[in-house]
Amino acid sequence: MYIDRISLKDFRTFKSAEIDFVHADRQFSEAQNGSGPERSNLPRPMIPNVNLLLGNNGSGKTTLLKAIAIAALGPAVQDANLPVYRLMRREPRAKPSASTETVIDAEFTMHAQDADHDLALGSTLTSRATITRLGDLERLRWKGADESPWRPIYSADSDAFFFVGYGATRRTERTDVVDPAARQASSFIRAQRIRSLFEEAYSLVPLTAWLPHVQSANPGRFIQIKALITRLLEGTRYEFTGEMEDGEYLFESRGLSVPFPALSDGYRAYLGWIGDLLYHVERTCPSGKKLVENRGIVMVDEIDLHLHPRWQMSVLPTLAKALPNIQFIVTSHSPLLVGSLEWMNLIVMKPGPKLSTIAERVRWAVHGLDADQVLLSDFFGLESTRAPGKKRALKELTLQARSGDVEAAKQLLDEMSRGAEAA
């Protein structure tokens, strides 16, 4: 399952917006003939399965992830018990009791990965969810025209509707705190997979809660998971050993074995959601299929959380290469992540009328640019990357030098020789 596009009406910062996404099966411009309405206007990026959402704080990046999650739940969204809070747009100076309706329309490309359903490869599924206000409460409803294609969503064993989302406050608890079996009694599995986007205190499923069982029951799957974790750690100093000590999995660095709880915040934040993701991938992958063949949507808010700049430069290409059939939709403020992609992968949230948000792609050759160049591009729109005081001082020296002040000109040259640029 991939999302092709989503249309939002009165959903938080989005007054009216339509956003399309790239994925591995999308028909890009050079792969199509003709000029019909289905023709894509995007050339194929080198990494076709990554969408990076950019924008200022409060511009709607996390909001867009929530909208995708709601749309992907289909008719089951009414029973998901998501903590819906102020998702409806409120116009500036409008009365809180103003009667409005939020509408989320989405189109998905489906894949017949499981023999238990009859969806054809590449078929399109539409979803419409609405939010209405009743007093201070908001009600979430699904209003799709036909529920029959969505029936597999009610089966936890079907992988036809595989999607998962991770909020910015994601965390991993001990095995004795998180019990996957107990969670199923209170919420169905697909609602669990996106709950951390809506609930800050929701913790992820740790490796120790499920991987030992796979290791004993399906050694072949365990070997695949071990190899995937090692690939997803490519470029770091750690390798997943698959061995345990005192109930925790070990990661090896230069001959030193380190248990998961002793890793740094960055590694635990990254491996936490990776372990949870592989748990869901393993559960939904059909028997006889390789884990890397599983298709679906993975959403990650602030994917660069706690990551060193060197790791930020490679994390998205690493994920895309290791899991080529997964459609990644992630948010970040990092120019280093932007420089690792092309403009086709980037969706920028920009200010619109009446404090609204407009989502668009900026046609700017950004791949390979350094951080300063990216920050000065239209993706971030900064006028300078210098500290404000330094910027003002250089501008003043420049103006004085232009008016004939020799000492100011010498000082400006001295500053430029030490790496500062003229204003």
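Strands β4 and β5 pair in the antiparallel sense over nine bridges, where pairing requires at least two bridges found by DSSP between two strands. Strands here are DSSP runs of E with at least two residues, while helices are runs of H or I with at least four, both numbered from the N terminus. This is a predicted model, in which local features need pLDDT of at least 70, side-chain atom pairs count only at pLDDT 80 or more, and totals for chains, interfaces and linings use all residues. Residues are numbered from 1 along each chain as its sequence is written, and side-chain values use heavy atoms, leaving out hydrogens and water.

Let us step back to the sheet. It is open, with five strands in the order β2-β1-β4-β5-β6 and antiparallel pairing. At the edges lie β2 (14–20) and β6 (137–142), each pairing on one side only. From one strand to the next, the twist averages 15 degrees.

Helix α1 (residues 61–73) packs on this sheet and touches β1, β2, β4, β5 (124–134) and β6; contact means heavy atoms within 4.5 Å. The direction of α1 makes about 110 degrees with that of β1, using lines fitted to C-alpha atoms (for helices, over the stretch in contact) and angles from 0 to 180 degrees between N-to-C directions.

Strands β1 (residues 2–11) and β4 (residues 101–109) are also antiparallel partners, over seven bridges. Here are some facing residues:

| Residue | Opposite residue |
|---|---|
| Ile6 | Ala106 in β4 |
| Tyr2 | Thr109 in β4 |
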